[in-house]
Amino acid sequence: MKRLSLLIPAAIVLPLALAGCSAQAAPGMPKDCTPAGDASKSVQVDGDFGKTLKLTSKTPITAKELERSVLIEGKGDATAKDGGVSAAVTLFNGRTGKVVQAIPETPLMNDAQQLPNWAYQAVRCSVKGQRVAMAMPATDLANGQPASSLGIPDLKDGDSIIAVIDVTKQQPGTLSESKLLKKAEGTAKQAPEGFPTVKLAENGEPTITIPSGVKAPTTLKTATVIEGKGETVKPGDRVYVNYRGVIWSTGKEFDSSWSRGKPADFLTTGVIGGFQKALEGQKVGSQIISIVPAAKDQGGYGPEALQQQGHKADDVMVFVLDILGTVHEG
């Protein structure tokens with residue numbers, strides 16, 4: 001559908017047009033956020049934070065250029081330059097006040113290359129917990145083309161778009177490779193009986209041996225075999241790990257950041273449960289063994305997804321993960 005493809009292609013080209021910073025700028029807030037104007041100042045909405053909203057302002061609302069006003073102040077630092085946000089967005093036709101589109105919580109990176117300018121300006125001037133009203137000519141939404149080109153019912157050339165963004169989360173920034181540990185380091189611990197054994201090369205790369213004659217567990221199991229002394233990984237953190245994964249039944253590797261020659265990074269909330277449980281609450285420097293059955297409720301991918309990846313539906317995966325660094329959620 002033309003409307004959807006223009007508004008949220010790949011969940012990044014979102015029709016956001018942040019237009020100014022709050023009166024009390026948060027730490028790290030850019031000094032050149034788009035300023036407020038009469039149109040954005042007039043915006044009033046009703047509804048729960050992070051949900052679809054109702055425009056209660058008097059209409060029409062007309063904006064000649066991008067404007068931004070803060071309706072609810074957030075707390076904390078501004079979005080990191082290499083981070084991002086998660087935000088729920090409600091778009092209104094400024095002439096009729098009707099909802100154009102309601103977009104549930106969606107991740108947006110603070111990246112001018114990934115986002116059109118108005119969306120980038122939205123993210124870079126965000127603070128967690130903030131509700132922002134933006135007003136813009138509909139041509140801004142259409143990248144300079146006539147409003148009619150968007151294919152939105154009852155949106156006319158000359159209309160304005162009102163966007164209200166609820167910033168629900170701030171995505172963590174990144175760490176340079178120089179700030180990461182090279183391998184797990186800390187106090188060695190004995191793995192529970194029946195767990196695979198791990199032999200480490202000088203650079204920390206693990207060789208995983210499945211115990212002979214031991215049946216694969218049917219429930220998720222994790223064990224700390226090196227306890228680090230760094231920061232504790234929290235839910236929603238960006239975590240840097242080196243890991244190797246093998247199939248219990250064959251001992252064969254199916255995935256490995258070691259083999260690719262570079263640590264992987266991801267949000268703890270964006271991976272399978274078997275990874276998430278192995279990371280959250282652990283300290284940087286730790287090495288974790290995670291035994292992950294196929295079932296989703298045990299932290300796995302699910303039988304169908306495993307088969308799509310070329311594995312058996314009941315394959316049990318074994319991961320050995322070195323936690324090399326973490327960046328906390330904003």
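Hi everyone. What we have is a predicted model, in which local features need pLDDT of at least 70, side-chain atom pairs count only at pLDDT 80 or more, and totals for chains, interfaces and linings use all residues. Residues are numbered from 1 along each chain as its sequence is written, and side-chain values use heavy atoms, with hydrogens and water left out.

Let's begin with confidence. pLDDT is the predictor's confidence in each residue, from 0 to 100. The chain averages 89, and 92% of the residues score at least 70. Over residues 1-23, though, the pLDDT is below 50. Where pLDDT is low, the predicted coordinates should not be read in detail.

Now to the sheet. Strands here are DSSP runs of E, at least two residues long, and helices are runs of H or I, at least four, both numbered from the N terminus. Two strands pair if DSSP finds at least two bridges between them. With that in mind, 5 strands form an open, antiparallel sheet in the order 3-6-7-4-5. Which strands stand at the edges? They are strand 3 (67-72) and strand 5, each with a single partner, so one side of each is left without a neighbour in the sheet.

Let's cross the sheet from strand 3. Strand 3 is joined to strand 6 by 5 bridges, and Arg 68 has Met 134 as its bridge partner there. Strand 6 then pairs with strand 7 over 7 bridges, with Pro 137 opposite Ser 160. Strand 7 and strand 4 share 10 bridges, and Ala 88 stands opposite Asp 166.

Buried means under 20% relative accessible area, exposed over 50%, and partly exposed in between, using a 1.4 Å probe and protein chains only.

What about the nonpolar cores? Such a core is a set of buried Ala, Val, Leu, Ile, Met, Phe, Trp, Tyr and Cys residues joined through side-chain atoms within 4.5 Å. The largest has 27 residues, and Leu 91, Leu 155, Ile 161 and Ile 165 touch the most other members. Strand 4 (84-93) and strand 7 (160-171) are among the elements that each supply at least two of its residues. A second, separate core of 21 residues includes Val 233 and Phe 319.

Finally, Thr 79, in the loop between strand 3 and strand 4. Is Thr 79 buried or exposed? It counts as buried, at 6% relative accessibility. Its side chain makes a polar contact (N or O atoms within 3.5 Å, one able to donate a hydrogen and the other to accept it; residues adjacent in sequence count only if both atoms are side-chain atoms) with the side chain of Gln 170, at 3.1 Å.

Definitions and conventions:
Contact = heavy atoms within 4.5 Å.
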